[in-house]
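Dear colleague,

Here is the structure I said I would pass on. My notes on its cavities follow below it.

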Amino acid sequence: MDSFKLTTDKTPKGDQPNAIKQLTNNIKKGIKSQVLLGATGTGKTFTIANVIKNTQKNTLVIVHNKTLAAQLYSEFKELFKDNKVEYFVSYFDFYQPEAYIPRTDTYIEKSAQQNQEIEMLRLSTINSLATEKRVIVVASVASIYASVAPEDFNVFRIILTKDQQMNMKQFTYDLVRLQYHRNNIDLSPGTFRKKGDVIEIAPGYADNYYLRISFFGDQIEDIAKIDVLTGTVIEKLKICVIAPANEYIMNHDRMEESVKRIKDELVETEKKFRLENKLLEAQRIHERTLRDVESIQELGYCPGIENYSRHLELRKEGQTPYTLFDYFKNDWLLVVDESHMTIPQVRGMYNTDRSRKETLVKYGFRLPSALDNRPLNFKEFNDKLDNVIYVSATPNDYEIEKSHNCIVEQIVRPTGLLDPKIEIHSSKYQIDDLVIELQKQVKKKERTFITVLTIKMAESLTEYLQKQKFKVAYLHNELKTLDRAKIINDLRRGKYDVLVGINLLREGLDVPEVSLVAIIDADKPGFFRNEKALLQTFGRAARNANGRVILYADTTTDAMRIAIDETNRRRKIQEEFNKKHHIIPKTIVKPIFEDLKSKDDQKAVEAIFHARNKPNTEKATKAINVLKKEMLEAAKNQEYERAAYLRDLMIDLQEQIKK
């Protein structure tokens, strides 16, 4: 489509209309950076969707992890059903980067398990940005890592039209040049097959259809899109564009110059090592580099080929690598979601990556040019930006300063729910007081979160509360996806009344049944007791009409005061709005996400818990096969959060078998 179109019956409510208007007007006035300060549960995603519709700018939404990226992708895809909404995250289910530990003389090879479904989506993202006028991309911070140069991706495409003159032999050569592999048996994404005068191609970015190109001599007689499952014609095409099969493309036209540059650098690096009497390092870099060069010349690929990207793209030393950002033309919009978490992660990735690679270079595992296969540094990241909206309930000073205090507030929730009431109780008899408060909660059939500072405290408190006959569970950082989701759902169902944890700031903890958050040792210094962490923790009680927070403390720290004042300020605004519009706050009604969808899935879960006590390899293996089938189906249906969940179940079971 040539324009963004919202496909929803929802209308902006609460503070949303004003926020949408302000954000839109600021962009139209030429204000490049602004902050959307949105309280928990105010519908920030819907607000941003309306801004995209109003401004009609191609948009990149970046967030700090895959789970939130998957959630946002689903939401935007639902809101813009007729537009291209793409998903761009790391395509590794598991990734161990190449590294060397000098202290123990340990070399760790890169080990990765790629997710083909996500790889297709990444390729689809690049293809859409290269060919479509209006695109929304939801991405993790993987978007700041090096990608294929736009000019390469644009040049390495085949445009076919009906009745076009085309030599079939040349066409197959062009397909191979685009990294397609001939396979006359299995037509999987990124392959093609030839049957007489017909060539069938499975694009690298789709698995639900393939293209059938019919020739009559040296003329294209027919182009059709074919359904993979039924083999029926989906539609006849007059023109089609075949994009590369893989995200990374080896430009063979530059092969000779690229190889020369690699060999020249090898000579210089070897010479330097020998002058420093580092003979082992000199021999190592010589053997490894020549092996890679031979592979590149023969196959167009070698393990770790990305480390030669500077030479393969003929870039200068230190030149900024190409990334997803380069596919966004002028006049586009970046939305940094959860900016208080995402910006620090973007800022830190360059130094972490460089530190690891410098060690590899120092000991002869990589040429110095490997340092240019890297994420953007923070300056480069900022230089790429055009229009930016930083979205957070607790923006950092950086975002506020960068936006020159251009802050748009979204405090009032469409539901009318208020920020929780804040109480400060003495820590002198905090556990006895907590028990009394929990008894009140149980009588009301409402749930409670308790946050403490140490693992030992969490374990001791959980054990004590269990002795007091409370139904309580402990949520800690070693819990896997299975256990974590199960405990949260059991809390919602009423199997537990209380959840104890250290970090209650993570995603997935928006539980409307929780009406009380108790913060033990609220006046102690540390990350989980600073004003932003406290505000985020307060928000866990903002989904319930009876929401309140108890801070156990002997003194009121600056962090407590700032967080309490801000919460009270927001609550006052919300109360005045509700009074003016005659709104009575009601607790959010949210369906409980079933751990798994099918009976087979439930059997798999039972097998996991059974395997922990009585290992049974046969049952566990069957359960793994069931989960793998479900995972692939979920990925195919673009249910990425569920697919990741099922993947973690598989890993859990596999570990039980090993034990």
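Which element supplies the largest share of the lining of the second largest cavity? The answer is α2, with three residues. Please keep in mind that this is a predicted model.

The second largest cavity

The space inside comes to about 50 Å³. Its lining is made up of Lys44, Thr45, Ile48, Val61, Leu72, Phe76, Val335, Asp337 and Val391. By class, six of these residues are nonpolar, one is polar and two are charged. Besides α2 (44-55), the elements α3 (66-79) and β17 (333-337) each give at least two residues to this lining.

The largest cavity

In total, the structure has four cavities of 30 Å³ or more. The largest of them holds about 90 Å³ of space. It is lined by 14 residues, and those closest to its centre are Thr40, Asp419, Leu535, Gly539 and Arg570. Two or more lining residues come from each of α16 (531-538) and α17 (558-581). Of the elements, α16 provides the largest share of this lining, at three residues. The lining residues of the largest cavity split into six nonpolar, five polar and three charged.

Regards

Notes. Residues are numbered from 1 along each chain as its sequence is written. This is a predicted model: local features need pLDDT of at least 70, side-chain atom pairs count only at pLDDT 80 or more; totals for chains, interfaces and linings use all residues. Side-chain values use heavy atoms; hydrogens and water are left out. On a 1 Å grid over the protein atoms alone, a cavity is a set of points where a 1.4 Å probe fits but cannot get out, and a pocket is an open set with protein on both sides within 12 Å along at least five of seven lines; lining residues have an atom within 4 Å of a point. Grid points are joined across faces, edges and corners, and a volume is the space filled by probe spheres set on the points. Helices (H or I, at least four residues) and strands (E, at least two) are DSSP runs, numbered from the N terminus. Ala, Val, Leu, Ile, Met, Phe, Trp, Tyr, Cys and Pro count as nonpolar, Asp, Glu, Lys and Arg as charged, and the others, Gly among them, as polar.
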